[in-house]
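Hello,

Here is the structure I promised to pass on. Please open it alongside this note, and my findings follow below.

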Amino acid sequence: MDPLYPLLFLVSLAGGFCQTALGFGYTVVVMLFLPMLLPSIPQAATVSCLTAVFCTIAIILQFRKAIRPKAVLWPIIAFFVMMPITGYLSLRIPQAGLELILGFFLIALGLYYMFFAKNLRIAATPGAGVLAGGVSGLFGGLFSVSAPPAALYCLSVLDDKDAYMATMQFYLLTTNIYAVLVRFLSGMVTPSVWVWSGASALGMLLGVFLGKLVYGRIKLDSLKKWIYVFIALMGLWTVLSHFLKI
């Protein structure tokens, strides 16, 4: 057996676990490793988008009654505008520098919310929603990593853990379906991408099941802390990976 497929399975298992335990994390985890396993970042991002759709469906079925679509309306609209632009640019600009920018962005975001924003609360205004969705679309188009800004927004405007989980999955499902459509129209959804996505989806489903066991034992305050730490660590890993390639 080609060792690629077991590796895709394991990476997606870890991503599915984080997605269910934290409300997001699938694309962040898999995009740390898929570029090293697959021929290019755009192909890796397309596999990530495809499998993320199935991941969010698997989770949203469990929390569908707690969804609050109006809370993420403006972020979704902003994402729809921004993502195609940066998705187009991702095919035409150097990837190494963009990876470094992404890593430092995630580190700064995680550290800020861990140490400097304990009392910060983002108002559920159109402006705040557009900003969160725009940043989400920016990094979603470039790297297929759109969740961190949206997660921070949802944590601020939603007080209930299940409402956060359900609404976050609704946002990710909507935006990932849109992102897959954009990538499909760009010719990025190839037969090879479907095969890689199939292997990834199997691992993702097992990860979702294991993550659900952890989610039931976590309180919202603890969940927030883990999310902030997770964002910073993923950023640090991205930066270190960049320098190790040099």
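**What I found**

Phe-115 counts as exposed, with a relative accessibility of 56%. The cut-off for exposed is over 50%, so Phe-115 passes it at 56%. This residue lies in helix 5. Its C-alpha atom is 9.7 Å from that of Tyr-228, although 113 residues separate Phe-115 and Tyr-228 along the chain.

**Confidence**

Keep in mind that this is a predicted model. The mean pLDDT of the protein is 83. Of its residues, 92% reach 70 or more. Confidence is highest in helix 8 (residues 161-185), at a mean of 90. It is lowest in helix 10 (residues 220-245), where the mean is 75. Please remember that value for helix 10 when you read the next two sections.

**Cavities**

The structure holds three cavities of 30 Å³ or more. I describe two of them here.

The largest cavity contains about 190 Å³ of space. Its lining is made up of 16 residues. Those nearest the centre are Met-31, Leu-32, Pro-35, Glu-99 and Thr-238. Which elements supply at least two residues each to this lining? They are helix 2 (26-37), helix 5 (95-115) and helix 10. By type, the lining of the largest cavity has 11 nonpolar, three polar and two charged residues.

The second largest cavity has a volume of about 70 Å³. Helix 2, helix 3 and helix 8 each give two or more residues to its lining. Helix 3 provides the largest share, with three residues. The residues that line the second largest cavity are Gln-19, Tyr-26, Thr-27, Ala-52, Cys-55, Thr-56, Ser-146, Ala-147, Leu-172 and Asn-176. This lining splits into five nonpolar and five polar residues, with no charged ones.

**Aromatic pairs**

How many aromatic pairs does the structure hold? There are four.

One of them joins Phe-33 and Trp-237. The pair is tilted, with 45 degrees between the planes and 6.1 Å centre to centre. It links distant parts of the chain, since Phe-33 is in helix 2 and Trp-237 is in helix 10, 204 residues apart.

Another pair is formed by Phe-79 and Tyr-178. This one is edge-to-face, at 6.5 Å centre to centre and 70 degrees between the planes. It too links distant parts of the chain. Phe-79 sits in helix 4 (residues 73-90) and Tyr-178 in helix 8, 99 residues apart. Phe-79 has a relative accessibility of 2%. Buried means under 20%, so Phe-79 counts as buried. Phe-79 and Tyr-178 also belong to a cluster, in which ring pairs link them with Phe-80 and Tyr-171.

**Buried spots**

Look at helix 7 (residues 147-157) next. It is mostly covered, as 11 of its 11 residues are buried. Among them are Pro-148, Pro-149, Tyr-153 and Cys-154. Ala-147 is another of the buried residues of helix 7, and Ala-147 also lines the second largest cavity.

Thr-46 is found in helix 3 (residues 41-63). Is Thr-46 buried or exposed? At 1% relative accessibility, it counts as buried. What is Thr-46 in contact with, leaving aside its neighbours within four places in sequence? The partners are Arg-183, Met-188, Val-189 and Val-193.

**An exposed loop residue**

Gly-187 is placed in the loop between helix 8 and helix 9 (191-215). Its relative accessible area is 53%, so Gly-187 is exposed. The C-alpha atoms of Gly-187 and Leu-89 are separated by 15 Å. Along the chain, Gly-187 and Leu-89 are 98 residues apart.

**Where to look**

For a quick tour, begin with the largest cavity, at about 190 Å³. Then turn to the tilted pair of Phe-33 and Trp-237. Finish on helix 7, with its 11 buried residues.

Best wishes

Definitions and conventions. Residues are numbered from 1 along each chain as its sequence is written. This is a predicted model: local features need pLDDT of at least 70, side-chain atom pairs count only at pLDDT 80 or more; totals for chains, interfaces and linings use all residues. Side-chain values use heavy atoms; hydrogens and water are left out. Helices (H or I, at least four residues) and strands (E, at least two) are DSSP runs, numbered from the N terminus. Buried means under 20% relative accessible area, exposed over 50%, partly exposed in between (1.4 Å probe, protein chains only). Contact means heavy atoms within 4.5 Å. pLDDT is the predictor's confidence in each residue, from 0 to 100. On a 1 Å grid over the protein atoms alone, a cavity is a set of points where a 1.4 Å probe fits but cannot get out, and a pocket is an open set with protein on both sides within 12 Å along at least five of seven lines; lining residues have an atom within 4 Å of a point. Grid points are joined across faces, edges and corners, and a volume is the space filled by probe spheres set on the points. Ala, Val, Leu, Ile, Met, Phe, Trp, Tyr, Cys and Pro count as nonpolar, Asp, Glu, Lys and Arg as charged, and the others, Gly among them, as polar. Rings of Phe, Tyr and Trp (its six-membered ring) pair if their centres lie within 6.5 Å; planes under 30 degrees apart count as stacked, over 60 as edge-to-face and the rest as tilted.
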